[in-house]
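This report describes the pockets and cavities of one protein model. Please look at the structure below before reading on.

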Amino acid sequence: MTNYKELADLLFPNIDKAPQFYEELYPPRDLKEGARVTRFAPSPTGFLHLGNLFTCTVAYKTARATDGVFYVRVEDTDQKRKVDGAVEIMLEGLKSFGITADEGVMIDGSQKGIYAPYVQSQRKEIYQTYAKALVEQGLAYPCFCSAEELEEIRAQQENEDTKGYYGKYARCRNLTLDEIKKSIAQGKSWTLRLKSPGDIEKKCYFDDMIKGKIEMPENTIDVVLLKTDGIPTYHFAHVIDDHLMHTTHVIRGDEWIASVPLHLQLFRCLGFKPVKYAHVAPLMKEENGNKRKLSKRKDPELAVTYYRQEGFPAQAVNEYMMTIMNSNFEDWRRVNKDADINSFPFNLKKMSVSGALFDLVKLTDVSKNVISQMSAEEVFELSNQWAEEYNEELAKLYGKDKAYATAVLNIDRGNKKPRKDIAKWSDIPDYISYMYDETFKENYDLTGNATPQLAAEVLRLYKDVVDISDDKDSWFNKIKAICEPVGCTPNVKEYKQNPDAFKGHVGDVSTVIRVALTGRTNTPDLYAITALLGEDRVKNRIENAIKHYEEVK
């Protein structure tokens, strides 16, 4: 029988601590009953995309809904694929969507919290301490198989249902201590493998917080725990870290479901209480009547940068994501129109089992609603921040007169039923273009009953009576007074009862004025537009319109 203590000392001569040292170093958290501890554990090998943001938001909301803790741990054991600055960019992206960690790795690279270090590459001794303990218990062993030998095993398993390093294929599982000493003396490199206690005839049962009860075969593979450089695999590191950091709920993509039997087995072998798992289905997109996963290659909206570039406010993206995260959110929002989104009682059980459908059209509608409820000052500040980064022309217009720009954005804002013309900040340049001479585009196309001849008559009369200092009632009374002299009625109902008796109605007269001043047939409140444009601009645009209509009538 192998002397496991001697083997452990042989493999880990520099490890002089026992697991108990770290159990005492990282004590249980002092939290109220039911508080959940979740984490965002990015690998610094890429950048934030919508799937990351969605899953991270679920973890964040789960902690917040229970007065728990949300922390950031960097899983950088794959140093070859590390991208410098990737984590900081991810955390900046999360911050822009209102997600900030209570502890762990911070945006500036510092680490906050008593469970540090929160970077896996800085925890090598911790992992090796637990690895040594497994060897001492006969639950782990060194494997000297070369890449060629592992490839040979894979070739032999071509017709096997279960593939991997197990059973008769686990060549190093039963090496004697002398054989191990000889290989080490020869300078052979080794990985440390789990001596899996799994039984292929038995099942692993677990209750997924989103998907419900799941049954899978037990893990029988002797997986690698430590690589040849002593760095742990994801599987081993995550179990130890989540135990020592006292994570209660691991929320991750459902591509990890296949690994749950292994992870639960590792928790048992290490003597840990397992975490609860919640596996989030991927975001889906409808295409030609079918659902498919959002794709980095096909769908620009998968990149979180897309929303910033387009100018969707973070509040709108968060609001929309909540509608696809929890099926009861929209009903809650209808009852709690002005409530902070963070007061919504988020529940993992209300998440989609098969994958939420991500719909840009729905996001646009949600965003219109969110922006319509903002103050003009907030719209100005947020859109100005966007413009300074993405639209130099808009930033210059804003910079000329902040008060004027804010007043323009305030038109029809704050009403019981505010207009919903703006879905994203990139809509604003066109939306306000007629309020600035630099961007105003003349367009004299008419709708309804208005003709060039009627338009010329209306504008000649309006030019003589328009007064920027009029209150709204006086202004509209002047428009109604123009109706009869040009053959229209100030009463729309009267026109509908006898349309042949009139050239049009007051709505047609207003349309003529609207087109002359804005180049559009549909705008926010014309009185407010007129007052902001000012007398010189208004009269100049009316004169230009008169010239146009006189030439074409």
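Strand S1 (37-40), helix H3 (50-65) and strand S10 (249-253) each contribute at least two residues to the lining of the largest pocket. Helices (H or I, at least four residues) and strands (E, at least two) are DSSP runs, numbered from the N terminus. The model is predicted: local features need pLDDT of at least 70, side-chain atom pairs count only at pLDDT 80 or more, and totals for chains, interfaces and linings use all residues. Residues are numbered from 1 along each chain as its sequence is written, and side-chain values use heavy atoms, with hydrogens and water left out.

On a 1 Å grid over the protein atoms alone, a cavity is a set of points where a 1.4 Å probe fits but cannot get out, and a pocket is an open set with protein on both sides within 12 Å along at least five of seven lines; lining residues have an atom within 4 Å of a point. Grid points are joined across faces, edges and corners, and a volume is the space filled by probe spheres set on the points.

**Pockets**

The largest pocket is lined by 39 residues, and those nearest its centre are His 49, Asn 52, Gly 253, Glu 255 and Trp 256. H3 gives the most to this lining, with six residues.

The second largest pocket has a volume of about 910 Å³. It is lined by 29 residues, with Glu 319, Arg 333, Lys 337, Val 370 and Gln 373 closest to its centre. Two or more lining residues come from each of H3, helix H11 (314-325), helix H12 (329-335) and helix H13 (360-372). H11 gives the most, with six residues.

**Cavities**

The whole structure holds four cavities of 30 Å³ or more. The largest cavity has a volume of about 90 Å³, and H13 gives the most to its lining, with three residues. Among the residues that line the largest cavity are Lys 368, Asp 412 and Tyr 431.

The second largest cavity has a volume of about 60 Å³. Its lining consists of Lys 61, Arg 64, Ala 65, Met 322, Ile 341, Asn 342, Phe 344 and Phe 346, with H3 giving the most, at three residues.

**Lining by class**

Ala, Val, Leu, Ile, Met, Phe, Trp, Tyr, Cys and Pro count as nonpolar, Asp, Glu, Lys and Arg as charged, and the others, Gly among them, as polar.

| Lining | Residues by class |
|---|---|
| Largest pocket | 19 nonpolar, ten polar, ten charged residues |
| Second largest pocket | eleven nonpolar, eight polar, ten charged residues |
| Largest cavity | five nonpolar, one polar, six charged residues |
| Second largest cavity | five nonpolar, one polar, two charged residues |
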